[in-house]
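Please find below a short note on the model under review.

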Amino acid sequence: MSPRYFLTPFLPFALNITASVLPVGFLLLYQYCTNHNKNFYLYTILLSAIFAFGLASLEQWLGLLELHGGLRKFHLFLIDLIIVFITYGATRLLVRIQANHHAT
């Protein structure tokens, strides 16, 4: 395999996907689910599976993702879910605080 050269070699290979596609994807999913009264948890599981197993496989095939130290795509799936559920909980808390503030 030929060596890969990156503009910022000190950052992880998949940083561009992590920093752009994932947050935007989950943000759009949140908006869709809240506007259409859909189950955010179910859709999050589906989107996380697409990102972890589909997109990560494509990145791995292109040589942009290397998993080391026993890390598997399933672990990426779980990490996505944990981060999204924590963020969703924080968002719901802030929405509730804002609603209480406007009610008084």
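The numbered points that follow begin with the basis of the model and end with the helix contact.

1. This is a predicted model, in which local features need pLDDT of at least 70 and side-chain atom pairs count only at pLDDT 80 or more, while totals for chains, interfaces and linings use all residues. Residues are numbered from 1 along each chain as its sequence is written, and side-chain values use heavy atoms, with hydrogens and water left out.

2. The protein chain contains three helices and zero strands, in the order α-α-α from the N terminus. Helices (H or I, at least four residues) and strands (E, at least two) are DSSP runs, numbered from the N terminus.

3. Of the 104 residues in the protein chain, 21% are buried (under 20% relative accessible area, 1.4 Å probe, protein chains only). The accessible surface of the chain is about 7700 Å², and carbon and sulfur atoms account for 69% of it (Shrake-Rupley method, 1.4 Å probe).

4. Among contacts in the protein chain with a separation of 6 or more, 57% join residues 24 or more positions apart (contact: heavy atoms within 4.5 Å).

5. Helix H2 (residues 40-62) packs with helix H3 (residues 73-103) at an angle of about 140°, and their axes are 9 Å apart. Axes are lines fitted to C-alpha atoms, for helices over the stretch in contact, and angles run from 0 to 180 degrees between N-to-C directions. H2 and H3 are therefore oblique to each other (angles under 35 degrees count as roughly parallel, over 145 as roughly antiparallel, 65 to 115 as roughly perpendicular and the rest as oblique).

6. Residues making this contact include Phe40, Tyr41 and Phe51 of H2 and Phe74, Phe77 and Tyr88 of H3.

Terms used: Buried < 20%, exposed > 50% of the residue type's maximum accessible area, 1.4 Å probe, protein only.
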